[in-house]
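Have the sequence and the 3D view open as you read.

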Amino acid sequence: RDEDGHEVLEVLFADPNLPHRIQVVHCSSWLCQPEIARPFAEALYVVARTQRAASRRELGQHVGRFFKFLRSGEVRQGLQFVKHLRDLHWPILDQYSAWLNEERSMSGKPISLERKRGIWRSLGYLIRELFRMEQFASQLDPHLKYWKRPWPNQSQQPEPRKTLTPQQVIQIEQACEREIDLIVASIERGNRLIDANRDQIPSDPGDPSAYEELGVCLAAIAIQYGGVIPKYHDLRTQNRTLRYALIHYHKHRELESLLCGSPRAMVPFVVLLANRTGFNPDTVLGLSWSQVRESNWLYGDERWDIDPGGEEDRVTIVGKKGRSLRAQVRSFPARVTTPTNPPVVLRKLKLVTSRLRPHAPPFFADRVF
């Protein structure tokens, strides 16, 4: 029960890839049918404990649709109200599939056929697992073992997505390259402004106009606040004149672009790395710097001073895929200066995010993104 005495149902998974090493899947909405909710929660734990965090969350959401159906009072036509596992029969599930046909997404549109099939499969996974659990199998209708497919053409493959033409890929990479150049140029401009105004930071400003110059404001943020724009709430007691200047003289987005970039600024880096490594999105977004095998020039002070005629080094990136036991390994020439070469992209990315990392929790500080 929570602090207010309300019943809570949660399924906890140990997951070393999450910040707190624990994932919580919230199932309290299932408690509209408590005698069914607990067995389903136990089955969810068994089925999902080997899955990735996103898959567990989706499985919980999908099964939550079934409890929403039970809660809605749509079980009708003289059928017995569902209170226990023994009350689950195919007529109930047939009504559920019909209910899904009428269900709407958050946008108000009908749920797509593929999504309905995914929701239906998720319920089937848990029911099949309940049959394997000795304490629950005897309570279930044996006919539920034969899991039906309520929508036609289930065996047909979905229409494949159209692939990008080589010209489209080139255009995308060129667009990313241009964006990255602008992002890096903005960070370098910010660095120059900070260096030029280090001595101009007022020691005891009584007037917000002391921070009206962009360079002075940037230098104050970089030196006094570690390069991260402080929260306005904190500045009420720490530096009210700087707070006034941030609100009235400067735009947050411009300051951000000169100091450390924005979440949007990460997009071209993600796209280029995904395209060049062939990693799937989760693998790219989950990369850590410890998975990028070090080369002395990549992390050293001379990482921008590349000798194209020097010894041919290579940078290796090791990716992890959720359901694969094998690591995915990609290797790239370290001394090739092409802007789309992953080692070059990674060097620029490290420059853009360098001010953020000291402020990130240790779990995230090693993340590439």
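Where does Arg-367 lie relative to helix H15? Arg-367 lies in the segment after helix H15, which covers residues 362–365. Keep in mind that this is a predicted model. The chain has 15 helices and four strands, and 42% of its 369 residues count as buried. Among contacts between residues at least 6 apart in sequence, 62% join residues at least 24 apart.

**Arg-367 and its surroundings**

- Arg-367 counts as buried because its relative accessible area is 19%, and the cut-off for buried is under 20%.
- Leaving aside residues up to four places away in sequence, Arg-367 touches Asn-17, Leu-285, Gly-286, Leu-287, Ser-288, Trp-289 and Arg-357.
- One of these partners, Leu-287, is 80 residues from Arg-367 in sequence, yet the two C-alpha atoms are 6.0 Å apart in space.

**Strands S1 and S2**

- Strand S1 (residues 10–14) and strand S2 run antiparallel and are joined by five bridges.
- Across this pairing, Glu-10 stands opposite His-26 in S2.
- In a regular strand the side chains alternate between the two faces of the sheet.
- S2 (residues 22–26) has Gln-23 and Val-25 on its covered face, with Ile-22, Val-24 and His-26 on the uncovered one.
- The loop between S1 and S2 holds Arg-21.
- Most residues other than glycine have a negative phi.
- Arg-21 is not a glycine, but has a positive phi of about 65°.
- Arg-21 is classed as partly exposed because its relative accessible area is 42%.

- How far apart are the end C-alpha atoms of H2? They are 27 Å apart, which agrees with the 27 Å that the 19 residues of H2 (residues 53–71) should span at 1.5 Å a residue.
- The buried residues of H2 are Ala-53, Arg-56, Leu-59, Gly-60, His-62, Val-63, Gly-64, Arg-65, Phe-66, Phe-67, Phe-69 and Leu-70.
- Those buried residues pack against S1 and S2, and also against helices H1 (34–48), H3 (90–102) and H4 (113–132).
- H3 has 13 residues and should span 18 Å at 1.5 Å a residue; its end C-alpha atoms are 19 Å apart, which agrees.
- Buried in H3 are Trp-90, Ile-92, Leu-93, Gln-95, Tyr-96, Ser-97, Trp-99 and Leu-100.
- The buried residues of H3 pack against H2 and H4.

- Gly-118 has its place in H4 and counts as buried because its relative accessibility is 10%.
- Gly-118 is 56 residues from His-62 in sequence, and their C-alpha atoms are 7.7 Å apart in space. His-62 is among the buried residues of H2.
- Glu-129 also lies in H4. Is this residue buried or exposed? Glu-129 is buried, because its relative accessible area is 11%.
- Not counting residues up to four places away in sequence, Glu-129 touches Ala-43, Val-46 and Val-47.

- Two packed helices are described by the angle between their axes and the distance between the axes.
- For H7 (residues 214–224) and H10 (residues 252–259), the axes come within 11 Å and cross at roughly 60°. The crossing of H7 and H10 is right-handed.
- Which residues meet where H7 and H10 are in contact? Leu-214, Leu-218 and Ile-221 in H7 meet Glu-254, Leu-255, Leu-258 and Leu-259 in H10.
- By class, this contact of H7 with H10 has six nonpolar residues, no polar ones and one charged residue.
- In helix H9 (residues 240–248), the buried residues are Thr-241, Leu-242, Arg-243, Ala-245 and Leu-246.
- The cover over those buried residues of H9 includes H7, helix H8 (232–238) and H10.

Notes: Residues are numbered from 1 along each chain as its sequence is written. This is a predicted model: local features need pLDDT of at least 70, side-chain atom pairs count only at pLDDT 80 or more; totals for chains, interfaces and linings use all residues. Side-chain values use heavy atoms; hydrogens and water are left out. Axes are lines fitted to C-alpha atoms, for helices over the stretch in contact, and angles run from 0 to 180 degrees between N-to-C directions. Helices (H or I, at least four residues) and strands (E, at least two) are DSSP runs, numbered from the N terminus. A crossing is left-handed if the near helix is turned anticlockwise from the far one by less than a right angle, and right-handed if clockwise. Contact means heavy atoms within 4.5 Å. Ala, Val, Leu, Ile, Met, Phe, Trp, Tyr, Cys and Pro count as nonpolar, Asp, Glu, Lys and Arg as charged, and the others, Gly among them, as polar. Buried means under 20% relative accessible area, exposed over 50%, partly exposed in between (1.4 Å probe, protein chains only). Two strands pair if DSSP finds at least two bridges between them. The expected span of a helix is 1.5 Å times one less than its number of residues.
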